[in-house]
Amino acid sequence: MFNKIPRFKYLTPSKMYPSQWEFILSKAKSVVTSLSGLKESLEKRDRLVMYLRGNELIGLTSFNFLPWNFNNSQVIILFQGNTWLSPTWRGRNINQILATLTLLELYIKYPLQKKYFFAACSNYKSYLFLTKNTSNFWPNPGQETPDNFQQLIHQLSDVFYPGEYNPKTKLIESPGERGFQDNDVNTDDGEKRNRYIQFYLEKNPDYRNGKKLPCLVNISFLEFSAIGKNVLLRFLKNLKP
């Protein structure tokens, strides 16, 4: 019954072998429109996680853990980027499981500090990940982003995407930047009626060309507990034959 669970392999970019980089980049050729800058981007991360099914790479993501001063207190920023999961493996809560494990690690290491999750959503599917698994996130169609959180989004965008954040459009813009191939981000008529997808497309209509919508999540312990509970229930449901 565990054939639905991939293996997570954790890597530190500064310690990776050339063969490991070749393994990742060869897969990326069939996923993104360009490899330009991809290796350089991954090298800036604290951690890479490969999702493996046997010897097959079915997904990849990266993390940074950043102490930050916000509202006159020290907080922890969890940044996630470079995320991809094979379409045939979606809907199995794999990203949610890894996110829960990573947040649990942070709560053990930094039990008293507030925690925020930051990600640049490169397509509507990554934005939906936030809407389905969290409640306190920005930007969202239900409310204006508070000024202090918008300022934090701007600051973190400058840290992780230096020189690419446009404060007028509130997007991360890099002309010619790689995006996902068309068959990975198409929307059908039913999806286009989803209010969150509509909101994302209004905010970032040019996402196919690599523009990203930076997003921030305020993760309280109560919300983390709810996320963990939901992930566990979905995980157990998916284990059923």
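Q: What makes the largest nonpolar core a "core", and which residues have the most contacts inside it?
A: A nonpolar core is a set of buried Ala, Val, Leu, Ile, Met, Phe, Trp, Tyr and Cys residues joined through side-chain atoms within 4.5 Å. "Buried" means under 20% relative accessible area, with exposed being over 50% and partly exposed in between (1.4 Å probe, protein chains only). The largest such set here has 31 residues, and Tyr51, Phe117, Tyr127, Tyr200 and Ile219 have the most contacts inside it. Strands S2 (47–53), S3 (56–70), S4 (73–85), S5 (115–121) and S9 (213–219) each give two or more residues, and so do helices H3 (94–109), H4 (124–133) and H7. H3 gives the largest share, five residues. There's also a second, separate core of 18 residues, with Phe70, Ala120, Trp138 and Leu156 among them.

Q: What kind of model is this, and how are its residues numbered?
A: It's a predicted model: local features need pLDDT of at least 70 and side-chain atom pairs count only at pLDDT 80 or more, while totals for chains, interfaces and linings use all residues. Numbering starts from 1 along each chain as its sequence is written, and side-chain values use heavy atoms, with hydrogens and water left out.

Q: What makes a stretch of chain a helix or a strand, and how many of each are there?
A: They're DSSP runs, numbered from the N terminus: helices are H or I with at least four residues, strands are E with at least two. By that rule the chain has eight helices and nine strands.

Q: Which residues of helix H7 are buried, and how do you know whether they share a side?
A: In H7 (residues 195–203), the buried ones are Ile197, Phe199 and Tyr200. Take the directions from the helix axis to the C-beta atoms: these residues cover an arc of only 160°, so they sit on the same side of H7. As a rule, an α-helix has 3.6 residues a turn, so residues three or four places apart point the same way.

Q: How do you know that Asn194 caps the N-terminal end of H7?
A: Look at the distance: a side-chain oxygen of Asn194 is 2.7 Å from the backbone nitrogen of Tyr196.

Q: Why is Phe79 with Phe160 called a stacked pair?
A: Rings of Phe, Tyr and Trp (its six-membered ring) pair if their centres lie within 6.5 Å; planes under 30 degrees apart count as stacked, over 60 as edge-to-face and the rest as tilted. The structure holds 15 aromatic pairs. For Phe79 and Phe160, the centres are 4.1 Å apart and the planes 10° apart, so the pair counts as stacked. Phe79 belongs to strand S4 and Phe160 to helix H5 (residues 147–160), so the pair ties together parts 81 residues apart in sequence. Phe79, at 0% relative accessibility, counts as buried, and so does Phe160 at 9%.

Q: Is Tyr127 with Phe137 stacked or edge-to-face?
A: Edge-to-face: the planes are 80° apart and the centres 6.0 Å apart. Tyr127 sits in helix H4 and Phe137 in strand S6 (residues 137–138), ten residues apart. Tyr127 is buried because its relative accessible area is 0%, and Phe137 is buried at 4%. Ring pairs also link these two with Tyr196, Phe199, Tyr200 and Tyr207 into a cluster.

Q: What makes Lys115 sit "over" the face of Tyr107?
A: A charge sits over a ring if NZ of Lys or CZ of Arg is within 6 Å of the ring centre and within 35 degrees of the ring normal. Lys115 lies over the face of Tyr107 at 4.1 Å from the ring centre.

Q: Is Asn72 buried or exposed, and what about its phi?
A: Asn72 has 78% relative accessibility, so it counts as exposed. This residue is in the loop between S3 and S4, and its phi is positive, about 65°, although it is not a glycine.

Q: Why is Asn82 given the label it gets for accessibility?
A: Asn82 has a relative accessible area of 22%, so it's partly exposed. Asn82 lies in strand S4, with a positive phi near 55°.

Q: What kind of peptide bond joins Trp138 and Pro139?
A: A cis one, with omega about -5°. Pro139 is in the loop between S6 and H5.

Technical notes:
Polar contact = N/O pair within 3.5 Å; in protein donor to acceptor, adjacent residues only side chain to side chain.
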